[in-house]
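Open the model in a viewer and keep the selection panel at hand. The stops below go from one selection to the next.

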Amino acid sequence: MLDFIARRLVAIIPVLTVVAIFVFLMLRLTPGDPAAIIAGDNATSDQIDEIRRALGLDEPIWTQFLIWIGKVLQGNFGESFFFKKTVAELIAQRVEPTLALAVCTLIIAVITAVPLGVLAAYRHGSLLDRCVMGFSVLGFSVPVFVIGYILIYIFAIELGWLPVQGYIRIGVNFWGFLERMVLPSVTLAVIYVALIARITRASVLEVLNEDYIRTARAKGLTNRVVLMRHALRNAAVPILTVIGIGIALLISGAVVTESVYGLPGLGRLTVEAVLSRDFPTIQAVILLFSVVYVLINLVIDISYTLFDPRIRY
Amino acid sequence: MFNVKKSVATVVAAAGLAGLLGVSPGQAQTLNVVMHSDLKILDPIWTTAYIVRNHGYLVWDTLFAMDDKLAVKPQMVDKYEVSADNLTYTFTLRDGLEWHDGKPVTSEDCIASIKRWAAKDSMGQSLMARVAGMKAVNDKTFTMSLKEPYGLVLQSLAKPSSNVPFMMPARVAATDPNTQIKPEDVVGSGPFIFKRDEWKPGEKTVYVKNPKYKPRSEPASGLAGGKVVKLDQVVWRSVGDHQTAVNALLAGEVDMIEAPPHDLLQVVAKDKNIKLFNANPLGSQYTFRFNVLHKPFDNEKVRQAVLYAFNQKDFLNATIGDPKWYKECKAMFICGTPLETFKGWEDKLNSNFDKSKALLKEAGYDGTPVVLMQSTDLAVLTNLAPVAKDLMEKGGFKVDMQAMDWQTLVSRRAKKDPPDKGGWNAFLTSWVAADVLNPVMAGFFNAGCDKAMFGWPCDAKIQELRDAFAKETDPAKQKALAEAVQVRVTEYPTHVHLGQWYSPMALRNNIDGNIAAPVPVFWNVTKK
């Protein structure tokens, strides 16, 4: 197992190298000059050139890359072109809302989707099954921002139960934090619930036709025990896989959700950085997302062994 | 019967709940505002971005300022004298001016600030080209000696929009103008204090009332007069999405939106708790900019044809829509200002396509397509380019409209390359009226070839007229010169003005006292 983990961790290095080169080149090859953006609308060409020089953007691309990668290897992601703050500081400020959103979304998604999927499989062909599948299609089809605006309209503007936007840090005011997390998390969870419920249903349905389930039932076990202990546990591997893959969905969804709900998280930081061509920030955030994605999938792979003893690394 | 135990328990429980919810008694009077953009840069001299200019007006003060009639009034200056030969200006600062760190504002601070501003700003550069020297007479008095009479000394020091000559402590003003000042150096003498520890880009920017600020005794007018602060703090909330900002205003989570998009104004206006206030009666001006370096706009006659093909109403209808929020105006220096004049434009901007085609024929236009850049991500600009394309095609042009985001456009417009190698022929933008009040202030009139703004017009006559305008001290003669510049631009077109438009702020009804000024300001504002 340790050997497997070590191998997977080492495999991160080429992944990150490719991501780093790709992101760096993409940013330099796409149109848009941070110096012109910083200088503002009234700036002259000379002023723009001065800023470009000050930011080191007048150097050849490979020189810029080597300088950047050299600093990254020392743990220094550089300074944002705009904020006069280090990128590490910016990311540290923005991690909490995104992390909170991701955790709340995962919790809501798992505790909703897994039972729904199991029930849909158990009541295969029933009205409940059709409703779950219908919701699943809807969850995939409706864009996150539409769901967000609908929820805001109903729960924040019409009913006035929850705030429209904003974020309060968990350490500052716990209830304020919870209040502001409900709508964004539910919004982002919709697509995730749709995905997990669908996969859970399919996996459980497949398992329910296995001989050992028939044996369990023949032994006189209750439906609950058959479903939870025998069927769900054996169906867990594909569900976990989907949760892992869904992390990418969560990251892209967070970008939209944070914008709709005015959450000062990494998703919005990414959008702002892209729009203002803040190269050091974009590069660092993309690298961070890549690391998170790889590590979460590593954790998922390891967790397979907990559910299926046949899997060994 | 009164149950003491129960009452105490209730009070304790309420206090506990209040503490848990973060509610504190006697909360500070806070104005929550959604500005047009998030504040990322803190130095209003380093960039010309409007959001940084607005931030500047909270933190720093100016020597002079323009009132609501655009007349220059002293602000930090108590009194000033101009020598009989118009070559020496003596400025004396008001008593009691203090930086936020408690140190007094001195003449040396002002001299250093003027120098740093002038190194970046076009009006500042024009002023400094005539300045022989500046000298501190004492802590509160300094002089500015000129090489020749210059009519725009006070107008320059009262320049309302980017770059604004904000006064900074000498140690801060010593920062290289091409280097951004540090966050810890955001120390001004203005009516609000920037809370560096609470500045969270992407989340909020906090300003608290400067308790030591001594406002002038005159009532507030435009950017001049007494800056009396009636709030404890102003918080700029960063809400990236317009719809979310409007929803937050409707729900009472924010008190004000600086510039709600025009398509959401109707939604906002329908709510009885919200009011709209046009804080900038002069508004903004749409502009079509030529690049004179390349075919076909290297030919003056071809550019003149555009003047005949266009009309302002089509542009304004396509972008703003509601006539309540726009105005057709053929005055290049803005309708309603001292330099308002229509001379030279009477027969233009009427979509006279026959005249446009005739001019193109006369110019020998060979059908070279005009590469027109369209920005697609700013609602107030997106529809301009399709209208321009349509009108130009009707006027005999071929147009290659290329869509891109605004930031790409900003980068591309700085390129002098030919259009087929990444350059451009034309684009459309908008100026705040305060930026285009006279031919020296308005950057697009600069026809100084390589020294001009992108588009690089090159015309000695325009430059002579601008220079004469700058030297002139008599307002009547200044107006005649501005008129001459405007007429000359119809012969040698540098840009086309496409009408004025207004962007009202949306406020909760309990917010009052907002001042009509070219820049959103927060003094005099109350929250009931």
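**Stop 1: the interface**

Select R277(A) and D405(B): their side chains form a salt bridge, with N to O at 3.1 Å (a side-chain nitrogen of Lys or Arg within 4 Å of a carboxyl oxygen of Asp or Glu). Across the interface of chain B and chain A the rule finds 2 salt bridges. This is a predicted model, in which local features need pLDDT of at least 70 and side-chain atom pairs count only at pLDDT 80 or more, while totals for chains, interfaces and linings use all residues. Residues are numbered from 1 along each chain as its sequence is written, chains are lettered from A and ligands numbered from 1 in the order in which they are written, and side-chain values use heavy atoms, without hydrogens and water.

Next, select the side of chain B that touches chain A. Here 47 residues of chain B are in contact with 45 residues of chain A (heavy atoms within 4.5 Å). Helices α1 (4-21), α7 (242-250) and α14 (406-413) of chain B each supply at least two residues of this side (helices are DSSP runs of H or I, at least four residues; strands are runs of E, at least two; both are numbered from the N terminus). The largest share, 6 residues, comes from α14(B).

**Stop 2: a sheet in chain B**

Now show the open sheet of 7 strands in chain B, ordered β10-β11-β12-β1-β13-β21-β14 with mixed pairing (two strands pair if DSSP finds at least two bridges between them). At its edges are β10 (192-194) and β14 (274-277) of chain B, each pairing on one side only. Finish at M256(B), which stands opposite L507(B) in β21(B).
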